[in-house]
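Subject: Structure for you to look at, with notes

Dear colleague,

Please find the structure below, followed by my notes on what turned up in it.

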Amino acid sequence: SVPGRVCCGGARGDFPLRHSFVGDGWYRRTVDIPADWTGKRIWLKVGGVGSQGWIWVNDEPVAHIFDFCATRKFEVTDLVTPGKSAKIVVEVTNAAASKLGTREGYGCWGGILRTIELEATPQVLMDDVWVRGDFEGQEAEVHVEMCLGGLEGLGGFGVRVMVEDEIVELP
């Protein structure tokens, strides 16, 4: 009987381990950027890498990710052209110690951990929103971070918050 191998999350695999690859892996894909994304901001969303990764779009460096499984988003508007193809290249390594302190090669996994996808958004968008409630004081702090896509000089942007059927305008 071959002892099971401990994998991600403490689960055991019943398979015999004949080899555990430790090193670099390369992924490359060419994708079509929709023509109707013209005038929009284009983002590359990375679901995570194990344990370290480097990303290029059309041979231009975009990111070095080394924060264990974290989802990241990078603007690539200036690196792609709507209506044309774009090349995405990812190099990952499981040989480096992760932020957990161990090499991913000791476990059963490494590489790209979740999806990598492209997304188009309007030029102006809410990039971060959070609310901190103070129940005793019966008030809330609302934080909205706007991403204006180079339109900072235009002004005229505001936020409306609805509280108990009442709309509050924020500057």
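A salt bridge, as the term is used here, is a side-chain nitrogen of Lys or Arg within 4 Å of a carboxyl oxygen of Asp or Glu. With that in mind, and remembering that this is a predicted model, a search of the whole structure gives 5 salt bridges.

One of these joins Arg 41 to Glu 75, with 2.7 Å between the closest N and O atoms. Because Arg 41 belongs to strand β4 (residues 41-46) and Glu 75 to strand β8 (residues 72-75), this pair ties together parts that are 34 residues apart in sequence. Arg 41 is buried, with a relative accessible area of 6%, whereas Glu 75 is partly exposed at 34%.

Since Glu 119 lies in strand β11 and Lys 45 in strand β4, the pair ties together parts that are 74 residues apart in sequence. The network formed by shared partners consists of Lys 45, Glu 117 and Glu 119. Within it, the side chains of Glu 117 and Lys 45 form a salt bridge of 3.3 Å, N to O, and this pair links strand β11 with strand β4 across 72 residues. Lys 45 counts as partly exposed at 23% relative accessibility, and so does Glu 119 at 28%.

Leaving aside neighbours within four places in sequence, Glu 117 is in contact with Trp 43, Leu 44 and Lys 45, while its side chain makes a polar contact of 3.1 Å with the side chain of Thr 115.

Turning to the aromatic rings, the structure holds 1 aromatic pair. The rings of Trp 26 and Trp 56 have centres 5.8 Å apart and planes at 15°, and the pair therefore counts as stacked, the cut-off for stacking being planes under 30 degrees apart. Trp 26 is in strand β3 (residues 24-32) and Trp 56 in strand β6 (residues 52-57), 30 residues apart. Trp 26 is exposed at 55% relative accessible area, but Trp 56 is partly exposed at 23%.

Lastly, Lys 73 lies over the face of Trp 43, at 4.6 Å from the ring centre.

Terms used: Residues are numbered from 1 along each chain as its sequence is written. This is a predicted model: local features need pLDDT of at least 70, side-chain atom pairs count only at pLDDT 80 or more; totals for chains, interfaces and linings use all residues. Side-chain values use heavy atoms; hydrogens and water are left out. Contact means heavy atoms within 4.5 Å. A polar contact is a pair of N or O atoms within 3.5 Å; within protein, one must be able to donate a hydrogen and the other to accept it, and residues adjacent in sequence count only if both atoms are side-chain atoms. Rings of Phe, Tyr and Trp (its six-membered ring) pair if their centres lie within 6.5 Å; planes under 30 degrees apart count as stacked, over 60 as edge-to-face and the rest as tilted. Helices (H or I, at least four residues) and strands (E, at least two) are DSSP runs, numbered from the N terminus. Buried means under 20% relative accessible area, exposed over 50%, partly exposed in between (1.4 Å probe, protein chains only). A charge sits over a ring if NZ of Lys or CZ of Arg is within 6 Å of the ring centre and within 35 degrees of the ring normal.
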